[in-house]
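The sequence and structure are shown first.

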Amino acid sequence: MAEKQLNTQAWQVLAAAVAAPRKRPGLGDDVVGHKVVQTAAAMWLIAVCADGAGSARLGRRGAEVAVRQALLWLQTKVQRKRAGQTPWMVSGLQRSVDRALQAEAQRQKTSVRELATTLVCAVAGPTRTWLAQVGDGAAVVQMAVNSAWLLPIWPDRGEHVNETLFAGDPRSRWHSQELPPVQALAVLSDGLLPVAVDHATRQPFQPFFSGLAGELRRGEAAQLHDAFVEFLSSPRLAERTDDDVSLVLAVRRAEAGGDVPA
Amino acid sequence: MASHPLRAAAKIRNSCTHTMPVEKVRAGKQRGLGESMVERLPFAAIEFAANPEPRCPCVLLLDTSASMAGVRIAELQRGLAQFRDELQADPLARKRVEVAIVTFGGSVRLASDFTVIESFEPPRLVADGLTPMGAAVQTGLELLRGRKQIYRDNGLAYYRPWMFLLTDGEPNDDWREAATAVQQAETGRQVAFFAVGVGEANMDVLAQIATRKPLQLRGMMFREMFQWLSNSLRSVSQSGLTDEVALANPASPDGWAKV
């Protein structure tokens, strides 16, 4: 797909976070956010998802702070001149999010540990895609070149299932990866991993993502939103996961007569 | 002793892969004044990966030396049956909790290799011989290492394993190496090790093997102990990826243990 074409294509985005029905009532600990940023040079998409630690008293608040701060940091980044060329350092994002969590901890008169959250971010522009994360969320991308769905960074959960790594924890590892342009992307919380990722091959489950992206390309995000939430809340999905689920799904919409990938 | 790793791997796969039925449409949704139509649901056809459940492995190290003969071994046997029944009644735990039993009475024996609770049958326990506890602990740790490798080879996620030692005596073999191995495994968060003494068990030795304070069983409360164990494993196996699980205190006034 030519860069000029990628510049002008609009993004279609669906985003929702749904609390696990088996857990305590309430909003759940997952928070999602996204922004489409039009600069003089290009159209950028930013998608972010955070999952507050169940063991932390203010896990959801931590997730909200992390999502807001990551969106701010990334928006500032893409609005800079030469945003498409200069390298981005994950340490900058880490510092920014850690500081926001520390400030929130001070406001709440508690420790950062009580705001522990995972975070996964994806930024897509005309010449580059950038992924960054801490913890066990996932960013999945569909390459512009060959339409394959990839999971470039394996969710980091340490060795055992009920242990993970969080923003704000100095022992945590942040990961990032630079990729060529993509035609679609998704960021998701660990609650969706059992149905969205094939653990044996460590790859995204292709029918899951191509099915979702296909619907979004054919339809209008505003009209699909309710069905999207219904899907994330459906009993057949709840049978396969016992956690909150959240997903931001974004596709570039090809113009009339353009190339519509599967 | 242990079954062949490849056979165990095949068993893991067979026990957990299944595909979801794909519903294409929801028919007959009512619209307007009696107008009915077949409406296509946008995301109804999405398929899910056929992923196996994450595993929650637990090794029981059971003293079956001669001193356990009589009412102790009989109560232990009943406790095991209850443990199986309670975990089998839970739809998630029965697919996630895996149990292996190592007995030590005269010799160390793998009485039951790792299996998910839904297909677990407690072995018949026979009390006989001395108490090779050190070798049993080493066997349990080795068994866990092998099991984790099988999980990794099969792309299965797993919880931090549990090891549960029950004895009414003291080791008659060299247990210090085993104690070091347990402490290293605990420090590296490779295992959560619990030790329980029955009757005249040497609690000082147990305190040197386990990093957690060992518990003394009250009387013959084997069944209450196994009820606590099944409740705890059920909570752990259903915890979210990031949840810390608070366990019930077994040494509470009405609990099965004293410290």
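## A salt bridge within one helix of chain B

In this predicted model, the side chains of B:Arg145 and B:Glu142 form a salt bridge, with an N to O distance of 2.9 Å. Helix H4 of chain B (residues 133-153) holds both B:Arg145 and B:Glu142, which are 3 residues apart, about one turn of the helix.

B:Arg145 has a relative accessible area of 48% and is therefore partly exposed. B:Glu142, with a relative accessible area of 47%, is likewise partly exposed.

## A buried pair in chain B

A salt bridge also joins the side chains of B:Arg72 and B:Asp168, again at 2.9 Å from N to O. This pair connects distant parts of the chain, 96 residues apart: B:Arg72 belongs to helix H2 (residues 71-88) of chain B, whereas B:Asp168 sits in the loop between strand S6 (162-167) and helix H5 (176-187) of chain B. Are B:Arg72 and B:Asp168 buried or exposed? Both residues are buried.

## A network in chain A

In chain A, the side chains of A:Glu64 and A:Arg60 meet in a salt bridge of 3.1 Å, N to O. The two residues are 4 residues apart in helix H2 (residues 59-79) of chain A, about one turn of the helix. A:Glu64 counts as partly exposed because its relative accessibility is 27%. A:Arg60, at a relative accessible area of 22%, is also partly exposed.

This pair belongs to a network of salt bridges that links A:Arg60, A:Arg61, A:Glu64, A:Glu104 and A:Arg107. Over all chains, the whole structure contains 21 salt bridges.

## The interface between chains A and B

How many salt bridges are counted between chain A and chain B? The count is 0. Polar contacts are found there, however, in 6 residue pairs with both members at pLDDT 80 or more.

On the side of chain A that touches chain B, the elements giving two or more residues are helix H4 (193-196), strand S10 (197-198), helix H5 (206-218), helix H6 (221-232) and helix H7 (235-238) of chain A. Of these, H5(A) gives the most, with 6 residues. The residues on this side of chain A comprise 18 nonpolar, 7 polar and 15 charged.

## Extent of the contact

In total, 40 residues of chain A are in contact with 38 residues of chain B. The size of an interface is often expressed as the accessible area lost when the parts come together. Between chain A and chain B the buried area is about 3,300 Å², and carbon and sulfur atoms give 54% of that area.

Notes: Residues are numbered from 1 along each chain as its sequence is written. Chains are lettered from A and ligands numbered from 1 in the order in which they are written. This is a predicted model: local features need pLDDT of at least 70, side-chain atom pairs count only at pLDDT 80 or more; totals for chains, interfaces and linings use all residues. Side-chain values use heavy atoms; hydrogens and water are left out. Contact means heavy atoms within 4.5 Å. Buried area is the accessible area (1.4 Å probe) that two parts lose on being put together, summed over both. A salt bridge is a side-chain nitrogen of Lys or Arg within 4 Å of a carboxyl oxygen of Asp or Glu. A polar contact is a pair of N or O atoms within 3.5 Å; within protein, one must be able to donate a hydrogen and the other to accept it, and residues adjacent in sequence count only if both atoms are side-chain atoms. Ala, Val, Leu, Ile, Met, Phe, Trp, Tyr, Cys and Pro count as nonpolar, Asp, Glu, Lys and Arg as charged, and the others, Gly among them, as polar. Buried means under 20% relative accessible area, exposed over 50%, partly exposed in between (1.4 Å probe, protein chains only).
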